[in-house]
Amino acid sequence: CFLYSSQGTMMDNRFATALVIACVLSLISTIYMAASIGTDFWYEYHTLSPAENITENGKSIWEEFVSEEADEKTYTDALFRCNGTVGLWRRCITVPKNSHWYSPPGMSRANDMTTNCISFSLSDQFMEKYIEPGNHNSGTDLNRTYLWRLQFLLPFVSLGLMCFGALIGLCACACRSLYPAIATGVLHFLAGLCTLGLVGCYVAGIELLHKKLPLPDDVQGEFGWSFCLACVSAPLQFMAAALFIWAARTNRKEFTLLKAYRVA
């Protein structure tokens with residue numbers, strides 16, 4: 001689309017190559033961002049002996065986990081005990097397929113497990129976090145409350161900016177103009193800032209939560225591959241933004257100099 005500039009002349013190969021690379025980076029970052037939003041492995045908990053901790057009372061744990069009255073402390077304790085994973089939209093735990101505590105002789109309990117998930121509702125996403133998780137009388141923890149809300153909103157803002165930038169790019173293609181690519185680059189830069197802010201908010205939120213609810217000695221926590229996809233998406237957005245802006249500005253500057261030379 002951008003092979004011809006707004007003046008109808010053939011574009012320099014450098015600019016065409018930069019724009020193609022920028023479009024590829026933009027596409028990859030969009031795919032990574034969408035995949036990270038839609039998956040549940042932003043943070044993972046690993047219990048050293050999950051079968052023994054879950055099988056005897058797995059049913060009660062699951063009932064508490066999915067209960068509408070479950071507070072932050074209740075479902076976080078379940079995540080600790082049941083190899084839980086947390087995404088932006090859902091939380092999951094590993095529980096026995098058979099809800100009864102008894103397993104027939106010869107059946108391995110560890111192999112008779114399944115992962116069940118429950119989604120955060122919109123009210124959950126905007127719910128206030130408390131200074132003492134689970135204690136509504138302890139007051140609102142504003143830091144964790146707004147960090148949680150931002151980590152929900154920022155990825156959608158990032159995707160929206162990139163889609164709007166792509167729309168501007170398509171309009172520029174139809175007009176055979178390279179200059180609107182600057183706007184596409186600026187929008188990708190803002191999207192990168194949103195993605196970077198998302199990553200920072202999520203890390204800060206997890207750290208603050210673990211200060212309130214420390215991990216048990218037999219539980220290990222780590223960031224998952226969904227979180228890594230978001231981390232990779234941010235630099236891709238910045239690189240795409242830099243290429244869009246460089247190609248548009250440099251091409252226009254060279255044309256201005258060439259036009260001044262011809263007039264002279």
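Me: Which residues form one aromatic cluster?
Reply: Trp42, Tyr43, Tyr45, Phe80, Tyr202, Phe223 and Phe227 do, where rings of Phe, Tyr and Trp (its six-membered ring) pair if their centres lie within 6.5 Å, and planes under 30 degrees apart count as stacked, over 60 as edge-to-face and the rest as tilted. This is a predicted model, in which local features need pLDDT of at least 70 and side-chain atom pairs count only at pLDDT 80 or more, while totals for chains, interfaces and linings use all residues. Residues are numbered from 1 along each chain as its sequence is written, and side-chain values use heavy atoms, with hydrogens and water left out.

Me: How many aromatic pairs are there?
Reply: The structure holds 16 aromatic pairs. In one of them, the ring centres of phenylalanine 120 and tryptophan 148 are 5.3 Å apart with the planes at 80 degrees, so this pair is edge-to-face.

Me: What about arginine 91, which ring faces does it lie over?
Reply: Arginine 91 lies over the face of tyrosine 75, at 4.3 Å from the ring centre, and over that of phenylalanine 65, at 5.2 Å; the criterion is NZ of Lys or CZ of Arg within 6 Å of the ring centre and within 35 degrees of the ring normal.
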